[in-house]
Amino acid sequence: MSSIAFDPVSAGPDNGVLRHIAFVSRAAWSMLKASPKARQAGRAIASAFKMPSGRLYFLREKTCFVFVDATMHIYRVPATRRMIAQFESEYRIMDLVRPHLRVPIPQAELIGSDPPIARYRAIPGQPLSRMIDTLRSRRQTGWIDDLARAILAVHDTPVPDYARPTTFVGDRMRLRRLLVGKGATGMAAELETSSRLARAALEGADTTALCHGDLKGGNVLVDPATGRLAGLIDFGNAGFGARESDIAHTRLPEPEHEALVRCYEARSGRRLDRDRLAAFVRFEQACHSATRFCGRGDG
């Protein structure tokens, strides 16, 4: 799932018609950037929901084709057949955890099956990654306890039999080769070392918790007005795994990271393995730095 990096309905004067025209013109421009497969997905969405394809704004293409319309509804279509099973599992898990959460998560309607199309209203809020400095300057910390509570609610949800393992610590050989090719040998060495330490930390870890699997700042939404948690998105990597690995995915700086861990431990009554957590955090930081250096997003 993708957070919205722009506010199309606020463009132009405060006039509904002009705002809609502004959105449609930007939507048409966005489709020019889309690949032929993405444009095909856009046409499938338009047909399924009986709407002109010109009303769709193309956001991104990775594992899914993602679009948004002028009413701030998100549309997602799996980019490959391999993704279809994961796609359907993602929404089943969201339905499972929703009753346990105090904050919104996407509530989608699924249309069709070959491929399935998901449609849901965007959750209002700003990505935590964009808000962290502002929250710190305002000394707003309520979101930390909110996030700890939400993570714990996911972890305490019974794991369904269709869930897959979410904790994956690979050696990232391809990424390391890219780093070496760009002359970043020190970064490649750190990625190799942190990967080895994280794999060692995974041995013997309790991997029976249901985890979100991708709690990076773009998937944690904050209300800019109140500084409280507004929602969680992108459960595409959800499955069973290690609690410490899930928390490490947040990639929070200090002192927010330590505050989150303390809140989680206080609410759960469970002590996290700090050495294991430190190994996962180091690996997450290495992956994040490497992917950004190689121009492959935020990892």
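Which residues in α7 meet which residues in α10? In this predicted model, M187, E190, L191, T193, S194, S195, L197, A198, A201 and L202 in α7 meet R276, A279, F280, R282, F283, A286, C287, S289, A290 and F293 in α10.

## The pairing of α7 and α10

Helix α7, which covers residues 185–202, packs with helix α10, which covers residues 274–293, at an angle of about 145°, and the axes of the two helices are 8 Å apart. The crossing in which α7 passes α10 is left-handed. Sorted by class, the contact of α7 with α10 comprises 13 nonpolar, 4 polar and 3 charged residues.

## Overall content and confidence

The chain contains 10 helices and 10 strands, and buried residues make up 49% of its 299 residues. Of the contacts in the chain with a separation of 6 or more, 71% are accounted for by residues 24 or more positions apart.

The average pLDDT of the chain is 87, and 87% of the residues score at least 70. Over residues 1–21, however, pLDDT stays under 50, and for this stretch the model has 47 contacts beyond four places in sequence. Where pLDDT is low, the predicted coordinates should not be read in detail.

## The five-stranded sheet

Five strands form an open sheet in the order β1-β2-β3-β5-β4, and their pairing is antiparallel. Its edge strands are β1 (56–61) and β4 (109–111), each of which pairs on one side only. On average, and with direction ignored, neighbouring strands of this sheet are turned by 25° against each other.

Within the sheet, β2 and β3 run antiparallel and are joined by 5 bridges, with V77 in β3 as the bridge partner of F65. On the other pairing considered here, strand β3 (residues 73–78) and strand β5 (residues 117–121) are antiparallel over 4 bridges, and I74 stands opposite Y120 in β5.

Helix α2 (residues 36–48) lies across β1, β2 (64–69), β3, β4 and β5, and runs at about 50° to β2. Helix α3 (residues 82–97) also packs on the sheet, where it touches β2, β3, β4 and β5, and the direction of α3 makes about 140° with that of β3.

## Backbone features in loops

Two cis peptide bonds deserve a mention. One joins D114 and P115, with omega of about -5°, and P115 has its place in the loop between β4 and β5. Another joins E254 and P255, with omega of about 5°, and P255 is found in the loop between α8 (243–248) and α9 (256–268).

Positive phi values in residues other than glycine occur at M72, where phi is near 65°, and at D234, where phi is near 60°. M72 belongs to the turn of the hairpin that β2 and β3 form with 3 residues between them. With a relative accessible area of 17%, M72 is buried, as the cut-off for burial is under 20%. D234 lies in the loop between β9 (229–232) and β10 (239–241), and at 12% relative accessibility D234 likewise counts as buried.

Note on methods
Residues are numbered from 1 along each chain as its sequence is written. This is a predicted model: local features need pLDDT of at least 70, side-chain atom pairs count only at pLDDT 80 or more; totals for chains, interfaces and linings use all residues. Side-chain values use heavy atoms; hydrogens and water are left out. Two strands pair if DSSP finds at least two bridges between them. Axes are lines fitted to C-alpha atoms, for helices over the stretch in contact, and angles run from 0 to 180 degrees between N-to-C directions. Contact means heavy atoms within 4.5 Å. A crossing is left-handed if the near helix is turned anticlockwise from the far one by less than a right angle, and right-handed if clockwise. Ala, Val, Leu, Ile, Met, Phe, Trp, Tyr, Cys and Pro count as nonpolar, Asp, Glu, Lys and Arg as charged, and the others, Gly among them, as polar. pLDDT is the predictor's confidence in each residue, from 0 to 100. Buried means under 20% relative accessible area, exposed over 50%, partly exposed in between (1.4 Å probe, protein chains only).
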